[in-house]
Amino acid sequence: MGTEGVEPAGMGTEAVEPAGLEPAELGTAGTGTEGIESAETGTEGIEPAGQEPVGLGTEGTEPAGMGTAGTEPAEMEPAGLEPAEMEPAREAEEPPGCPALPAEAPQDGPAAAVPPGEGALPAAPGQERERERGRRGAGSTGRAARGRARRASGRHTGGESARRPGVTVDSSKAKTSLEALKISLRQLRWKEFPFGRRLPCDIYWHGVSFHDSNIFSGQVNKFPGMMETVRKITLSRAMRTMQDLFPLEYNFYPRSWILPEELPLFVAEVRMMKDSNPSWKPTFIVKPDGGCQGDGIYLIKDPSDIRLTGSIQIRPAVVQEYICKPLLVDKMKFDIRLYVLLKSLEPLEIYIAKDGLSRFCTEPYQEPTLKNLHQVFMHLTNYSLNIHSGNFIHSDSVNTGSKRTFSSILCRLSSRGADVKKLWSDIISLVIKTIIALTPELKVYYQSDIPAGKPGPTCFQILGFDILLMKNLKPVLLEVNANPSMRIEHEQELSPGVFENVPSPVDEEVKVAVIRDTLRLVDPQKKKRKDTQCPSAEAASEEPPEAAPGAEAALPSLCLKQVFPKYAKQFSYLRLVDRVAALFIRFLGVRGTTKLGPTGFRTFIRNCKLSNSNFSMAAVDILYIDITRRWNSMGIDHKDSGNSGMCLQAFVEAFFCLAQKKYKSRPLHEQVASLVELCECRLAALHGKRLLWGCGLGQRHGALPATATAPSPPRPRHQQVFGLQKPPQLRALVCRDAAGS
Ligand code: ADP
């Protein structure tokens, strides 16, 4: 689900070597739409750490084509998940024996120039940890440590600010990400305001959501509406819309149904699939909407096993195909937590962290049977659950134990001959496509909270992607977390009732780098420097910032790699719903709302000239009422609950309906693309007319109607909206209109 800021963090371990992977090197050439063409051919710093000798108790590690083929019963492949179809072509260059791991090599710069004790030089995460541990004081409680860190930080930043005007960061609402943020700020030598500030800060770091306070400038590390957008039901709906449009491209998300409203559909579809394939023995996973940390999740073998008594009606849920054949390591199921930075929504900018975490189950995996369905330590990889298992292993190393770095898994897979380069390329595709599915809804929230032209902050956000690898190494998206846990400590019970916060090196290694490098990427001073150097903001966004003077020069290379707009060419065609959302937003009218009223919908139809003799304005009203009523009766409404208008998803449904009606017998994405283009053209023409009219040219030319919405003279039937077939003809038509013909 969307938030997990309360999740306790991992296990205490000793200093470890940095490990990771180098996405840029793992990019593969695409087959038109899938693969990722890596522009980079260099192999900076391939220094795999923690590489495991082959065969170290890894019987369970079974990537496709390796190891124990045939030992797994040929059971169901989740419907909609066709590995072959999403396989990108591989780049000629093979990955090294071990995946290219993040060099974390300091950029050229005067490492020694940073004064000792300033904490700006994470020469190795292990060393930084030791320093930090010293600062925090071993064996201290979290609160005491935080208090000391706060005071120390206050002293430190005060001194710094006297020397140079650092970037100012309000950390008063950072909550569980505070410790990692503090380390990051010290490394950057930025100025922290742990108790807030009367004057505006450059950056506000929030632990939970955008809506923590009124901010009118600077940057906030949360987007409005993100938590709502990535909730299980909303995510499933967004993914389904994309699956309807682009079924092959979005086959990385398990088929899902929303409960209770789609229970009959779920029952019917499963019955149909079973009838057509009697050997199909599926398992499903039921996940309550808004749940986290495995809360309320259970597995079922048959739709009739859904627990309908009480809770479903109160607590809606998603029921999803269960991936029965996950990739196993050390006989255990595990998932991957990957950190993704959504740096900007418009233009879209996405970065992926080179390393993430792998969270392991604590009971050896067996495919689901009626007997083992309830065994959470076997089927659910949640850290918060498995930490309570007696088998949970706190390891001193990043590549053993129940929580490891993802790079250590890649390393291990690579050493067994798996194609980790392709795997990484597939993961990048999954991330970009998922964000593309989320952006339409996010844009609606954004315009509502930060209307164009009004003072407000800009936003960025770190997201946690939970990914499961199937046995054939295909990545499957489980969920997106708006507030991935950024804790770098975990609680340890010393004696009954006596707890101590213990540093968790694995968490610290990954999370501090993600926060620090996020800050480096959004550095307002760097942006200012760039703006003065670079004429185009878009060009500026294409490359990560260069090392800046001071602390920056001594920092490791960025652990976050840009994947969008870098790979925009391969994925931009998927941004169709974004364009539908732009139409929706245009007609929302009153600022601050996320729902379209009946008048707005009518104006949309009229301005885009979508009504005609076959589709009267009365039919338009019926369509509006019908769809809006159904969506509002579903009851998952996180905003504008008092507003009974049409939400974006309802508008998208209505739009698809219109597109299908108009462009019959074409694939849905073509129908929608044609209608979007038609609407855009007509609105552009209308806008042109308005501009001309506004300049008084209309009167001079004597050819324009008095108002933009005034009825145009009747056209021959074949030229009417539902008679027009090809967008190019339309373009010609609207151009003539704009010219006043
Ligand atoms: P939560 O937000 O409660 O953690 P998740 O969607 O992440 O919910 O699911 C919890 C765990 O259940 C995951 O970490 C994963 O181990 C398992 N899981 C979730 N969905 C599936 C699925 N479709 N197939 C197999 N395992 C799944």
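This is a predicted model: local features need pLDDT of at least 70, side-chain atom pairs count only at pLDDT 80 or more; totals for chains, interfaces and linings use all residues.
How many residues does helix H7 have, and how far does H7 reach from its first C-alpha to its last?

1. Helix H7 covers residues 232-245, which makes 14 residues. From first C-alpha to last, H7 reaches 20 Å, and this is close to the 20 Å expected at 1.5 Å a residue.

2. H7 is mostly covered, with eleven of its 14 residues buried. Among them are Lys 232, Arg 237, Thr 241 and Leu 245. The buried set of H7 also includes Ile 233, Leu 235, Ala 238, Met 239 and Met 242.

3. Helix H8, residues 263-276, has 14 residues and a reach of 20 Å between its first and last C-alpha, close to the 20 Å expected at 1.5 Å a residue. Its buried residues are Leu 263, Phe 266, Val 270 and Met 273. Seen down the axis of H8, these buried residues fall within an arc of 100°, so they line one face of the helix.

4. What covers that buried side? The cover of the buried residues of H8 includes strands S5 (256-259), S6 (284-288), S7 (298-300) and S8 (317-321). On the face of H8 turned away from the buried side sit the exposed residues Pro 264, Arg 271, Met 272, Asp 275 and Ser 276.

5. Arg 520 belongs to helix H14, residues 505-522. Is Arg 520 buried or exposed? Its relative accessible area is 1%, and buried means under 20%, so Arg 520 is buried. The side chain of Arg 520 makes a polar contact with the side chain of Asp 517, at 2.7 Å.

Notes: Residues are numbered from 1 along each chain as its sequence is written. Side-chain values use heavy atoms; hydrogens and water are left out. Helices (H or I, at least four residues) and strands (E, at least two) are DSSP runs, numbered from the N terminus. The expected span of a helix is 1.5 Å times one less than its number of residues. Buried means under 20% relative accessible area, exposed over 50%, partly exposed in between (1.4 Å probe, protein chains only). The arc is that of the directions from the helix axis to the C-beta atoms. Contact means heavy atoms within 4.5 Å. A polar contact is a pair of N or O atoms within 3.5 Å; within protein, one must be able to donate a hydrogen and the other to accept it, and residues adjacent in sequence count only if both atoms are side-chain atoms.
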